[in-house]
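This briefing is for a reader who is new to the structure below. Please look through the sequence and the model before reading on.

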Amino acid sequence: MYRTRTAEQMILDVSRSFPSIVIYGPRQVGKSTLVNRLFGDSFPVVTLDDVDDRTLAQQNPKVFLDSYGWPLIIDEIQKAPGLLDEIKVRIDRQRAEWLNTGESRQLMYVLTGSNQFELQEGISDSLAGRCGVIDLNSFTQAEKYGMPGTLFTPDMAELLKRERQNRSLPARSRREIFQDIFAGGMPDICTGVAERNAYFKSYIETYLEKDVRKLIAASHEVQFRNFMGLLALRTGQELHYDRLANEAGINTVTCKRWISILKTSGIIFLLHPYMANLSNRIIKAPKVYFMDTGLCAYLCKWPTAEMLEEGAMGGAFFETYVVSELVKNLYAYNMDPSDTIYYYRDTNQKEVDLLYIRGGAIYPIEVKKGLNPTKATKNFSVLQKYNMPIETGLVIDTCDKIRPINEQAFYFPIWELGL
């Protein structure tokens with residue numbers, strides 16, 4: 001059964017602004033299904049998984065595009081990057097015709113790709129200004145449960161208004177949240193099409209075979225698999241390349257390249273510290289988060305949701321779940337998470353889990369696995385040094401409703417994120 005994606009309206013809006021759009025995202029997060037849902041009734045679809053079509057697209061892009069015309073959906077465009085230059089030529093030619101005739105601009109090409117690492121340079125070189133770029137990842141909790149998603153706002157008045165509108169929604173317990181964390185958001189798992197462990201085993205094999213093998217030496221494939229496991233054990237932590245490289249048995253240059261591969265293919269997200277001219281006092285290392293907590297738990301070899309919840313990494317996974325939900329929520333509204341969410345930690349070890357920057361103000365957010373944690377807002381005052389307005393903050397935990405803590409912050413239920 002199809003699950004409505006929060007990004008649908010945003011994609012339609014972007015499609016009215018460009019003659020081409022490209023939807024990036026990791027493998028099997030539902031890109032093709034979403035595109036067919038939105039455009040399949042009026043756009044023919046060709047997938048470059050098909051050997052004959054892929055061969056023609058690679059060897060003769062002009063004949064390929066002549067054969068299919070436009071409008072056209074091209075799935076797995078990264079398998080024939082040479083198409084991008086020919087698409088550019090056709091877009092420019094059609095733009096000139098529209099200008100001469102006074103016709104309205106139309107959407108010509110919808111492209112999907114599961115390997116941003118290969119595509120980013122081609123898109124930026126060939127289709128700059130001609131293509132709307134959209135990121136898609138696995139299901140958010142709203143999508144997973146078939147609820148309408150909304151852009152998360154840290155503004156307390158808006159959050160309270162939404163909670164009043166959503167009073168009929170049942171609260172979810174911490175145990176239920178950790179079941180969601182353990183399962184992750186991959187569509188085939190969430191819809192019951194695939195068994196979790198078998199799915200992730202196959203997913204990793206496919207990712208290594210189709211996305212990674214072209215980018216690393218064949219002799220490093222086993223090392224890369226182990227590297228993913230070591231990185232999963234660090235989700236929610238600061239990323240120190242030298243330490244990770246040493247443990248993985250590789251040099252720092254290789255470590256940074258492999259992190260870049262995982263980041264650009266949508267497997268991980270790097271959360272950077274908020275600097276604002278205080279670089280001499282702020283820890284500069286980014287924090288690493290896996291975008292799908294189910295994949296991360298599988299790589300860490302956690303056997304059950306209950307053991308994950310009670311284990312040493314329970315807090316890190318809870319925080320990873322929050323960050324990934326926020327990142328996917330921002331993606332769904334065509335916003336760049338790297339311009340919106342940060343973290344704070346200084347050399348005195350004072351830390352705030354998340355800073356949500358909006359309208360020139362800082363909204364501090366703490367993420368706590370426990371219910372009603374004590375002293376959760378103790379470090380909010382250090383943010384005054386930024387000379388920016390510090391708005392009412394949030395402590396995201398497993399409470400059942402929004403309630404005030406003090407004049408600085410409110411408790412906020414994790415299950416209401418993005419609703």
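Predicted model: local features only at pLDDT ≥ 70, side-chain atom pairs only at ≥ 80, totals over all residues.

Residues are numbered from 1 along each chain as its sequence is written, and side-chain values use heavy atoms, with hydrogens and water left out.

**The six-stranded sheet**

- An open sheet is formed by 6 strands in the order S9-S10-S11-S12-S14-S13, with mixed pairing.
- Strands (E, at least two residues) and helices (H or I, at least four) are DSSP runs numbered from the N terminus, and two strands pair if DSSP finds at least two bridges between them.
- At the edges are S9 (341–345) and S13 (403–404), each of which pairs on one side only.
- S11 (residues 361–367) pairs with S12 (residues 393–397) in the parallel sense over 3 bridges; valine 367 has isoleucine 396 in S12 as its bridge partner.
- Helix H17 (residues 314–331) packs on this sheet and touches S9, S10 (351–358), S11 and S12, where contact means heavy atoms within 4.5 Å.
- The direction of H17 makes about 10° with that of S10; axes are lines fitted to C-alpha atoms, for helices over the stretch in contact, and angles run from 0 to 180 degrees between N-to-C directions.

**The three-stranded sheet**

- A further open sheet of 3 strands has the order S6-S8-S7 and antiparallel pairing.
- S6 (237–238) and S7 (268–271) are its edge strands, each pairing on one side only.
- S7 and S8 (residues 287–290) run antiparallel and are joined by 4 bridges, with isoleucine 268 partnered by phenylalanine 290 in S8.

**Cavities**

- There are 5 cavities of 30 Å³ or more; a cavity is a set of points on a 1 Å grid over the protein atoms alone where a 1.4 Å probe fits but cannot get out, and lining residues have an atom within 4 Å of a point.
- A volume is the space filled by probe spheres set on the points, which are joined across faces, edges and corners.
- The largest cavity has a volume of about 100 Å³ and is lined by 16 residues, with Phe139, Gly184, Gly185, Tyr321 and Glu325 nearest its centre.
- Helix H7 (141–144), helix H15 (293–299) and H17 each give two or more residues to that lining, and H17 gives the most, with 4 residues.
- The second largest cavity holds about 70 Å³ of space, and its lining includes Arg5, Asp135, Lys328 and Tyr331.

Terms used:
1 Å grid on protein atoms, 1.4 Å probe; cavity = no way out; pocket = protein on both sides within 12 Å on 5 of 7 lines; lining within 4 Å.
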